[in-house]
Amino acid sequence: MLSVTCSDSQSFSYMKHYDAIVIGAGQAGTPLCRKLAESGLKTALIEKRWVGGTCVNDGCSPTKAMVASAKAAWSARHNETLGVHVGGITVDLDEILHRKSSIVQLMRGNSEKRIRDTAGLDLIYGTARFSGQKEITVSLKDGGTETLTADKFFLNTGLQPVIPDIEGIQSIPYLTSTTIMELSEIPEHLLILGSGYIALEFGQMFARFGSKVTLIEPAERILKKEDEDIAGEIVKILAQEDIEILTNTKAVRFSQSGHIIGVALQTGDIKSQRSCTHVLVAAGRKPQLKEFGLEIAGIETDAKGYIKVNAQLETSVEGIYALGDIKGGPAFTHVSYDDYRLIIQHVVEKKPISTADRLIPYCMFIDPQLGRVGMTEQEAREKGLDIKVAVLKNDSVARAIETGDERGMMKAIVDAQTGQILGAAVLAEQGGEIVTILQMAMMGGVTYDRILNGVFAHPTYAESLNNLFMTLEA
Ligand SMILES: Cc1cc2nc3c(=O)[nH]c(=O)nc-3n(C[C@H](O)[C@H](O)[C@H](O)COP(=O)(O)OP(=O)(O)OC[C@H]3O[C@@H](n4cnc5c(N)ncnc54)[C@H](O)[C@@H]3O)c2cc1C
């Protein structure tokens with residue numbers, strides 16, 4: 001696999017050639033490199049940090065492990081309503097982080113072992129940069145560089161947090177979604193820039209650990225992509241936990257005095273001053289393409305820096321594909337993993353594939369969870385569709401009443417002519433699981449009236465889908 005090249009100056013350099021090179025061991029890259037190698041392609045995986053990417057190391061898995069601790073703390077405090085009295089609840093951040101880290105180590109270790117055990121696959125730790133159209137130079141983690149060429153490249157380099165350009169921000173020890181999971185103390189007052197799902201999950205988590213939490217959101221309301229009634233219900237739930245949300249508000253300047261961080265805020269024309277002990281920047285994520293040399297390879301990006309791909313995930317350069325968050329669109333683990341599945345069908349199994357019309361659900365792991373799939377009501381109305389909207393508050397759901405958690409609601413958008421379900425939101429205990437039932441109905445073309453009349457076990461949340469759709473018959 002070694003090839004010798006000779007430049008004009010007659011100096012020789014050695015390049016290793018592969019059939020396929022995968023850059024980034026994210027949720028697509030990790031399974032993809034193994035499948036490519038197993039199909040007989042000599043493959044290399046280049047990773048600058050850890051196998052598993054964001055999801056395993058500083059995204060889904062660690063946050064959901066910590067959310068579980070936060071939920072346990074909340075439940076312990078709320079058990080009194082169920083007649084169970086638990087005294088003296090304390091939260092041990094060290095233990096929580098230790099458990100989180102063990103889960104991360106286990107998942108990362110298992111993935112890395114599977115890669116190392118795969119014949120025909122080289123795992124190379126280092127940062128890749130294009131140095132030619134089908135050539136990369138890797139700055140190796142252990143020092144030195146290596147130049148590699150391949151027939152096919154698969155880019156799965158993910159996103160990184162956006163740090164907004166606010167006066168003074170670089171002079172304070174701000175936290176990101178990664179570093180907040182390494183804290184040695186529970187913040188006294190955590191101020192969060194942003195109110196997307198990462199901000200809300202951490203906000204509720206640390207409020208439950210004992211922090212005062214303030215979220216700063218420049219827009220007039222949080223979660224603008226969600227329907228107003230769903231977002232309003234979430235605001236109500238968070239307010240019950242004393243989480244403060246300042247909408248229409250921007251942070252314009254940071255300063256620090258001792259361990260206190262000062263933040264100058266602007267709400268319309270009104271200026272105010274707040275202080276806090278910790279700042280989490282959760283203002284979005286952006287491609288990590290700086291110094292990746294995409295222009296050298298001729299790979300085109302869009303205005304926001306995401307790699308442009310067609311419906312087969314191929315970039316502007318034939319034989320170079322982009323998978324996962326880096327190609328824009330919904331940035332979720334299940335999307336990245338599905339990109340891997342599609343690429344295998346395309347490249348190895350030679351089947352026709354397309355990313356068009358993929359039904360992509362998501363779950364926001366606040367408590368209660370928000371499970372979402374398909375269209376919102378606002379999207380359907382903007383499109384001028386003829387719809388019926390089913391809404392059921394959880395205080396009418398038997399399961400919710402019995403288990404003592406009546407927060408939240410369920411909602412489904414239905415095509416008024418065909419009865420097909422177009423979208424759903426379930427803000428409830430295990431909302432992510434419940435919405436999957438509706439997703440499967442959408443996948444199978446099951447109309448709402450069949451769910452309305454379906455026999456489901458009593459008393460489950462699933463059974464309340466009867467009642468949700470009954471609201472359309474009234
Ligand atoms: C706090 C947080 C919570 C989240 N929770 C959820 C959730 O609950 N559910 C969900 O579906 N999604 C969640 N996500 C999003 C999810 O983590 C990502 O969508 C998912 O990991 C897919 O990412 P990816 O495969 O595109 O790339 P990533 O997993 O980000 O992997 C990219 C990899 O490429 C490597 N890399 C980058 N540049 C180079 C280079 N030049 N050379 C070599 N290697 C390079 C990086 O080190 C990284 O390992 C969360 C994200 C965050 C930050």
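This is a predicted model: local features need pLDDT of at least 70, side-chain atom pairs count only at pLDDT 80 or more; totals for chains, interfaces and linings use all residues.
Let's begin with two helices. Two packed helices are described by the angle between their axes and the distance between the axes. Helix α1, residues 29–38, packs with helix α4, residues 93–116, at an angle of about 20°, and their axes are 10 Å apart. Angles under 35 degrees count as roughly parallel, so that makes α1 roughly parallel to α4. The crossing of α1 past α4 is left-handed. So who is doing the touching? On α1, the contact is made by Thr-30, Cys-33 and Arg-34, and on α4 by Ser-111, Arg-114 and Ile-115.

Next, have a look at an open sheet of four strands, in the order β10-β9-β8-β14, where the pairing is parallel. β10 (244–246) and β14 (278–281) stand at the edges with a single partner strand each, so one side of each has no neighbour in the sheet. On average, neighbouring strands here are turned by 20° against each other, direction ignored. Let's zoom in on one pair: strand β8 (residues 189–193) and strand β9 (residues 212–216) run parallel and are joined by five bridges. His-189, for example, has Lys-212 in β9 as its bridge partner. Helix α5, residues 197–209, packs on this sheet and touches β8, β9 and β14; its direction makes about 160° with that of β9.

Now for the other sheet. Five strands form this open sheet, in the order β17-β18-β21-β20-β19, and the pairing is antiparallel. Which strands stand at the edges? They are β17 (362–364) and β19 (387–393), each with a single partner strand, so one side of each is left without a neighbour in the sheet. From one strand to the next, the twist averages 10°. β17 and strand β18 (residues 369–374) run antiparallel and are joined by three bridges; Tyr-362 stands opposite Arg-372 in β18. This sheet has a helix packed on it too: α11, residues 431–444, touches β17, β18 and β21 (421–428), and its direction makes about 170° with that of β21.

Finally, the rings. A search of the whole structure turns up eight aromatic pairs. One of them is Phe-154 with Tyr-321: the ring centres are 5.3 Å apart and the planes are at 10°, so the pair is stacked. Phe-154 lies in strand β6 (residues 145–155) and Tyr-321 in strand β16 (residues 320–322), so this pair ties together parts that are 167 residues apart in sequence.

Terms used. Residues are numbered from 1 along each chain as its sequence is written. Side-chain values use heavy atoms; hydrogens and water are left out. Axes are lines fitted to C-alpha atoms, for helices over the stretch in contact, and angles run from 0 to 180 degrees between N-to-C directions. Helices (H or I, at least four residues) and strands (E, at least two) are DSSP runs, numbered from the N terminus. Angles under 35 degrees count as roughly parallel, over 145 as roughly antiparallel, 65 to 115 as roughly perpendicular and the rest as oblique. A crossing is left-handed if the near helix is turned anticlockwise from the far one by less than a right angle, and right-handed if clockwise. Contact means heavy atoms within 4.5 Å. Two strands pair if DSSP finds at least two bridges between them. Rings of Phe, Tyr and Trp (its six-membered ring) pair if their centres lie within 6.5 Å; planes under 30 degrees apart count as stacked, over 60 as edge-to-face and the rest as tilted.
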